[in-house]
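Open the model in your viewer and keep the selection tool ready. We will go stop by stop.

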Amino acid sequence: MAAMALQDLLSLSGHCVVLMPSDASARQCRDRIARLRGSHDQAFIETVTVVPVDQWLAELWDATFPSKQVLRPIQLLALARDIIESSDFYPENCLNSMAITRQFVDAFQLHAEYLLSDDEDYYRFSTEYQAFYRWRQEMQQQLDRQSALSGQQLPAHLGELLDESGLDLPDHLVLNEGLDLSPAVQAFLHRCAEKTSVSTLAEMFSSALLPRFSAAQQIEQECQAVAAWLRGKFAPEAGPEKSLQDSLFAIVVPDMKRYRGVLNSVLQRQFYVDGLFPNVEKEAREPWLFESSETLLSYPLIMSAWDLISLSSRALPLEQLSRILRSRFVRGWPESRSIRASLDIRWREYLSPETTLRNALGLAHSMEADEPSVSDFLHDLAAMLNVMPGRQLPSAWVRFFDQLLLTAGWPNASDDDVVVQQCRRGFSQAMDVFRALDRQLGDIKHDTALAWLQHILSTKRFSVSRDWPCPVRIMEYDDALGLSFDAVWIMGLDDHALPRRVEPSAFLPLELQQQAKYPDSDPSLCLQRDQRLLDSLLRSGPEVHLSHCRENEVGSPLGPCTLLADYDEDEAWFAENQFVARGDIALPASDAVRAIKSEQRATVRGGTGLFKEYASSPFFAFLKYRLNLREFPVPAEGLDHRVQGILIHDTMQHVWETLKTKAALDACSELQLEALVRTSCERALENPELSALRFGESLLSIEKERVITLVCAWMNKNERRRLQDFTVLSTEQLTESELMGIPLRIRMDRIDQIGDKRLVIDYKTGTIDGRSLSVDNLTEPQLPIYVLAQNNTAQQLDGVMLAQLKSPDDLKIHMRSNWANSVVAKKSRDEDVDTAEKWQAEIEAWSSALQEMAEGILAGNIEHDFSQNHSRGFSAFLLPLLRDLSIEEDAQ
């Protein structure tokens, strides 16, 4: 075939078709032809068609008014999946057939693309080959029944029409020099050469300058070198031959996922810092564009649509419902976003990680009375889900999904927004692809429809076009084929990037793949393909820079690409951050936290919880009780420790409200005690926080049996063995008091009367540590506060006890009093607090420690000991700035 330059196209007469490797290269070629021709004689453009090879073949087929339809790849997947899942070769233990289906369809296309043999003898030597042979026959029968064919079968069918003179070929067919054609396409073009003129377009740069190569330590330093190079290109003193608006610089990478994040960050910091410092008067417009690096589902607008159409009446992730509720793309935003955020908090406190839309709406009733808009659109969606068909065609599902989105008010944005317009157009195109699956899928369930639609949305490449020039294009190696640039930087050119590893098809005989010269079937063929790729990249511009990293992210060494022949050492490129932050800050004379005024002390909230938090960290106490910050609720599987504690406390309360004395306990047999505990636990389960709607009947039934076993063990092992008779005076007694100027609401789990002594008991469902009551480590100040609050009253306390109800095998007691070291038999120790003198000394020590805490709280102390292991961390309080003064702090 004769070779010609681009300007030679101007002298050709008749219709000319130029075949390019990709859409991007075709667009660039059309632009160059227009610039060469100039503004006059616009009719010339109509005589030259520049298209990718696949598009030209499809248009050539459509122009013949064919009786067979060319199926999309996803339509082939739909046909193949049914064939594979109903086959004897399909493994019974396979959880998902899609991976097998994709590999089969790839092999099916490869078989047609490389004109592989149909001789069954080649396919007898492995189960995979036999499966492919059988599946391919069934697949072809399905295609014949539907009068359809695949894209890779198109050249062979076009060849048959060519013999019949049924094709309208152009006068001139020009092939781009960088085209890598399959044998099927090559055979068709060879036959075209008998009927029309076929030539080659040689438009690559052939500069005598060698490429310049440099090495960086790691990917960060490699990206910094690229940023420094671009700064030089865009510097005012650089004096480019043409304006930057008309220039095109390429940054080519081997793997976009690996390079995109680091490269984008470095370019923002060191090349174009306007994006880091938004200006209301000037919109940030980065001069670079990442090509083909995103899918449609990665855009927030499309993700919100996916959340809506994937709703169902079954259990859903709470995170999905939360995203829908707070989405800016549904009606009611931004007017109702505040009340919806409050509802979201309520959901996270009372719902499990997976819940139904019905349960979520049940928790919204109290808010809907005052703010109907908090969940009105969710009620409308729930009504639609109640009448959702069980099975229907993909096109019918598309109509149903459209109604769901309209009901939700999606996208709740102006149609004048360019991003919204393009995203909606892309989403509509994806729905059209799904609608076209009617014949292949038939009536399908909602889950099946979502699975196919998710595949379409997550594989469809999509990017929002920009209305400003982007002279810097960032793309992968293969995407740069056929393109030409003013300058190119090829990154990541190490021995792992090229040559690439061989990956032959597992379904096709290796012998046939190698005979057809399929590059991924043989290392030598793969090496030749990658060498052609590299040569094409090296000729894509007059200035070429190459770089690689000496080591990867984990420190493993990397060498330069072995396919490089000759190159010059590049200069060292260094870049620094292009901004310096300056500002004048007026510092106050004192930045200490203000003390609580005496007239404000009555408004201090928190009760004993305030002292407990202060004992853990004064800073935490300040955040929680002075700034009113709250931990963001995180749904957990099952019952969390707080809910389990509520059930234990309520059960113990109901048990002792019935028994009241040790004598009554001793009179109970074990069966009677178990029946009493069971009844008490069932009463405790009536607590709204233990709703079966939230946790499910099965989980609550399991937890009930655990609590019954635990409480019975506690009663038999500890309460029955007590040395003295006792009477339970009160359970869950709530009183109000004041300690050192701070108001307290006190809820005591239990108070026992033992002779003339009064003992307060605090139940703990976690591990107790007696040192938590010691003055030098007072992390459990509740019991000391109870004692001091009652010390000067007629109902003063004579002792305190921590009761550990963790498991039937882990029951403990820690007691301090003015008469005994325990209520059960226990060996005495010198450090025990078991006399009136020791008890009085303990009260005085507690009083001093709590006085110091109270003074720190009132004075605004916010110290924090970073050496301590605080399991919650600051983020638990700082993430949500929730301030709701109307919620009264629960007594600890």
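At what angle do helix α27 and helix α29 pack, and how far apart are their axes? Before you look, note that this is a predicted model, where local features need pLDDT of at least 70, side-chain atom pairs count only at pLDDT 80 or more, and totals for chains, interfaces and linings use all residues. Residues are numbered from 1 along each chain as its sequence is written, and side-chain values use heavy atoms, with hydrogens and water left out.

**Stop 1: two helices**

Select residues 670-684 for α27 and residues 697-719 for α29. Helices here are DSSP runs (H or I, at least four residues), strands are runs of E (at least two), and both are numbered from the N terminus. The two helices pack at an angle of about 135 degrees, and their axes are 9 Å apart. That makes α27 oblique to α29. Angles under 35 degrees count as roughly parallel, over 145 as roughly antiparallel, 65 to 115 as roughly perpendicular, and the rest as oblique. The axes are lines fitted to C-alpha atoms, for helices over the stretch in contact, and angles run from 0 to 180 degrees between N-to-C directions.

Now show side chains. On α27, the contact is made by Glu670, Leu673, Glu674, Val677, Arg678, Cys681 and Glu682. On α29, pick Lys704, Glu705, Val707, Ile708, Val711, Cys712, Met715 and Asn716. Contact means heavy atoms within 4.5 Å. By class, this contact has eight nonpolar, one polar and six charged residues. Ala, Val, Leu, Ile, Met, Phe, Trp, Tyr, Cys and Pro count as nonpolar; Asp, Glu, Lys and Arg as charged; the others, Gly among them, as polar.

**Stop 2: Val655**

Select Val655, in helix α25 (residues 641-659). Val655 counts as buried because its relative accessibility is 0%. Buried means under 20% relative accessible area, exposed over 50%, and partly exposed in between (1.4 Å probe, protein chains only). Not counting residues up to four places away in sequence, Val655 touches Leu676, Val677, Ser680 and Met715. Two of these names, Val677 and Met715, also belong to the contact between α27 and α29.

**Stop 3: Helix α12**

Jump to Leu325. From Val655, that is 330 residues in sequence and 42 Å in space, C-alpha to C-alpha. Leu325 is one of the buried residues of α12 (residues 318-326), along with Leu318, Gln320, Leu321, Ser322 and Ile324. What do they pack against? Colour α11 (300-309), β11 (316-317), α13 (337-350), β12 (354-355), α14 (357-362) and α16 (376-386) to see the partners.

**Stop 4: Arg722**

Select Arg722, in the loop between α29 and β19 (727-739). Is Arg722 buried or exposed? Arg722 is buried, with a relative accessible area of 5%. Its side chain joins that of Glu719 in a polar contact of 3.3 Å. A polar contact is a pair of N or O atoms within 3.5 Å; within protein, one must be able to donate a hydrogen and the other to accept it, and residues adjacent in sequence count only if both atoms are side-chain atoms. Beyond four places in sequence, the residues Arg722 touches include Lys662, Arg750 and Asp752.

**Stop 5**

Most residues other than glycine have a negative phi, and most peptide bonds are trans. Select Trp333 and Pro334: a cis peptide bond joins them, with omega about 10 degrees. Pro334 sits in the loop between α12 and α13. Another cis bond joins Leu498 and Pro499, with omega about -5 degrees. Finish at Leu115, which has a positive phi of about 55 degrees although it is not a glycine.
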